[in-house]
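Hi,

Here is the model I said I would pass on. Have a look first, and my notes follow below.

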Amino acid sequence: MATANKICSLGRRIYRFVASLSGVIALLIILWGCTANDFNAGAIAWKTYKNSRYGFEFPYPSNWNSLTAPANDDGIAFISPQDNSVEIRGWASQQLPNDRESVKKIKSNFQTAQGVSGVLIVEVSQQIGSMTLTLTQSQVKYCLQGQSKSQDFQNYYRLFYYIAQQYSIPKS
């Protein structure tokens, strides 16, 4: 009986390892096909969203539809006309003291065309794939997020990456 329990326990550990490894492999396969260098931005007609409250701006495809902006004018969301589950959101907020400490712990891994360093995080779950850029300056945290269904994320990765590169904040 003890041997059977050890075998079952080992089997469960192997299963959990393979299950977690398969998620990592799936993400690597998705991102392997997602090199941002071959994105043709010139093939898309662009508009630029400019936020009057915080002064950030970013391009978005001109045929995408904006959702109603919040009354506090902290940002906006755009959705694809082909699939309303695909969206781009840009927003900013005043940083709380606790936010500043947690942001310092994450190293910058991305730089915008403007030359501002930030943190770019890509997450792909079973349902949703997202790319989130966070930039901080003074007391303000600026964010941009693109998201789609996970099975379509590889089709939008280049678009989201390009928009993140073009995201611009006020000069300090």
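Let me start with a question: which residue in β9 is the bridge partner of Gln-94? The partner is Val-140.

Before the rest, some housekeeping. This is a predicted model, where local features need pLDDT of at least 70, side-chain atom pairs count only at pLDDT 80 or more, and totals for chains, interfaces and linings use all residues. Residues are numbered from 1 along each chain as its sequence is written, and side-chain values use heavy atoms, with hydrogens and water left out.

Now to β9, residues 140-149. Strands here are DSSP runs of E with at least two residues, numbered from the N terminus, and two of them pair if DSSP finds at least two bridges between them. On one side of the pairing list, β5 (residues 87-94) runs antiparallel to β9 over eight bridges. Strand β8 (residues 128-137) is also antiparallel to β9, over ten bridges, and there Ser-130 has Gln-147 as its bridge partner. The β8 and β9 hairpin has two residues between the strands, and Ser-138 takes a positive phi near 55 degrees in it. Eight of the ten β9 residues are buried, so the strand is largely enclosed by the rest of the structure (buried is under 20% relative accessible area, exposed over 50%, partly exposed in between, with a 1.4 Å probe and protein chains only).

Next, the aromatics. I have 15 aromatic pairs for you, counting rings of Phe, Tyr and Trp (its six-membered ring) with centres within 6.5 Å; planes under 30 degrees apart are stacked, over 60 edge-to-face, and the rest tilted. Phe-56 and Tyr-142 have ring centres 6.3 Å apart and planes at 75 degrees, so they sit edge-to-face. Since Phe-56 is in the loop between β1 (46-50) and β2 (57-61) and Tyr-142 is in β9, the pair ties together parts 86 residues apart in sequence. Both residues are buried. Phe-58 and Phe-78 are edge-to-face too, because their centres are 6.1 Å apart and their planes at 80 degrees. That pair links Phe-58 in β2 with Phe-78 in β4 (residues 75-79), 20 residues apart. Phe-58 is buried at 1% relative accessible area, and Phe-78 is buried at 3%.

Last, charges. There is one salt bridge, taking a side-chain nitrogen of Lys or Arg within 4 Å of a carboxyl oxygen of Asp or Glu. Glu-87 and Arg-89 form it, at 2.5 Å from N to O. Glu-87 is buried at 11% relative accessibility, whereas Arg-89 is partly exposed at 32%.

Cheers

Key:
Helix = DSSP H or I, 4+ residues; strand = E, 2+ residues; numbered from the N terminus.
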